[in-house]
Amino acid sequence: MTPTAPSLSAKSSHAHVLDKGPTDIDVKDAGFALEAISSPEAAEAALASRSASENTAYAFKTWMIGGIAGCTGKYTLGSAHHADEEDERGIDVDHLLNRSRLYVYHPTIAKTVVAPLDRVKILFQTHNAKFVKYTGTHFGLFKAGAAIYREYGVRGLFQGHSMQLARIFPYAAIKFMTYEQLKIALGRRISDHHVRNFLAGALCGIVSVAASYPLDMIRVRMAYITPTSGVPAERVRTVAKMIYNEPAYRFGILNFFRGFPLSIMGIIPYGGVSFLTHEYFTSMARSRFANVASKPPDQQTRGRRRKVRELKSWAELASGGLSGIFAQTASYPFELIRRRMQIAGAHDPTTRGNAARVIREIWNASGVRGFFVGLTIGYVKVVPMFAVSFFTYEKLKALLDIE
């Protein structure tokens, strides 16, 4: 039986679009092509069909851009707008490297700007004796910051920040790379996308935290220490040696993992909820709200392999920011308890810290509210951090023409 005319017409129409080069597709044809290949199912099928060598290259690329995205922390809408105005000449190495420098240097400066918020949040979480009087008060954040400045100067506001900068790249690089790999692997066994995304996010969080936990331990201890006025702050090497020599554990290296089991418990909702909600919101933006949230076909970054629609900057930022709110709220009590355990050695070097005792102390002192001390500061930091990290990650994936 000969094929019917409509089927031949459909095939030729589709071939007409696919045969054109990236600069030859007009707006109408581009819209047809996007409708044909922009479904999440098509993108996931393309990921699953990669060869081993292609997947290795994909893993390296997601590791690199994940680390860059993690360094962003906070960005400006002006730069976000600039990212929307991608040139249409294709992607070359020099262009990518120049853009990568933009994504690293500017955000690192911005991350430094918000570092005082992180210092105050850690002091509140750990119930530091000098600053506990400011927790739960009106303008407590500003009063605590002013007190730090009066006693220790500007450097006191940035104590421990160097370790934060050293930690964030490997943490984010491993997190994003592992998530993409786990999403592919779990997708072969789990049909429910929401369950798959949550598990992949939780597991990638565990791996990235395990790899960077000692650096976080040093950072928290440095941020917690409040020396006598006029005494210089402890250096990284001094704090690391102090932690290592604490007699709580037989092997000194284990001192760098105080509170680690609780951190694993906290990263499961943190990582799982963050990726689950981000995938959910971006999926909604590409489907139900595509008319207002997705870029028009003629504004999509031209590429041969990428099969998902790009979102407008505000939609990408909103999806990331909302995921940060949900993730921070779900995991905050675990984070607070972990911080208390991390600084236990500063009070008594022989103690290992006990989660049950810390929970009882918090409950007896403040009740349920005690487990959320500093959460508002957490939102101020986490919402822009998540928004811009996910935004940067998606923009760099578009630049590299990968899913």
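The largest nonpolar core here has 32 residues, and the ones with the most contacts inside it are Ile65, Tyr171, Phe176, Val209, Tyr270, Phe275 and Phe386. Keep in mind that this is a predicted model.

**The cores**

**Around Phe176**
- Phe176 is one of the residues with the most contacts inside the largest core.
- Setting aside residues up to four places away in sequence, Phe176 touches Thr62, Gly66, Ala69, Phe275, Phe390 and Tyr393.

**A buried glutamine**
- Gln125 sits in helix H7, which covers residues 115-125.
- With a relative accessible area of 0%, Gln125 counts as buried, because the cut-off for that is under 20%.
- The Gln125 side chain has a polar contact with the side chain of Glu335, at 3.2 Å.
- Beyond its neighbours within four places in sequence, Gln125 is in contact with Tyr332, Glu335, Leu336, Arg339, Arg340 and Val373.

**On the surface**
- Tyr244, Phe251, Ile253 and Leu254 make up a nonpolar patch on the surface, and together they have about 410 Å² of accessible area.
- Phe251, one of the patch residues, lies in the loop between helix H12 (236-244) and helix H13 (260-286).

Definitions and conventions: Residues are numbered from 1 along each chain as its sequence is written. This is a predicted model: local features need pLDDT of at least 70, side-chain atom pairs count only at pLDDT 80 or more; totals for chains, interfaces and linings use all residues. Side-chain values use heavy atoms; hydrogens and water are left out. Patches are made of residues with over 30% relative accessible area and no salt bridge: like charges are joined within 9 Å, nonpolar side chains (Val, Leu, Ile, Met, Phe, Trp, Tyr) within 5 Å. Accessible areas come from the Shrake-Rupley method with a 1.4 Å probe; for residues, only the protein chains shown count as cover. A salt bridge is a side-chain nitrogen of Lys or Arg within 4 Å of a carboxyl oxygen of Asp or Glu. Helices (H or I, at least four residues) and strands (E, at least two) are DSSP runs, numbered from the N terminus. Buried means under 20% relative accessible area, exposed over 50%, partly exposed in between (1.4 Å probe, protein chains only). A polar contact is a pair of N or O atoms within 3.5 Å; within protein, one must be able to donate a hydrogen and the other to accept it, and residues adjacent in sequence count only if both atoms are side-chain atoms. Contact means heavy atoms within 4.5 Å. A nonpolar core is a set of buried Ala, Val, Leu, Ile, Met, Phe, Trp, Tyr and Cys residues joined through side-chain atoms within 4.5 Å.
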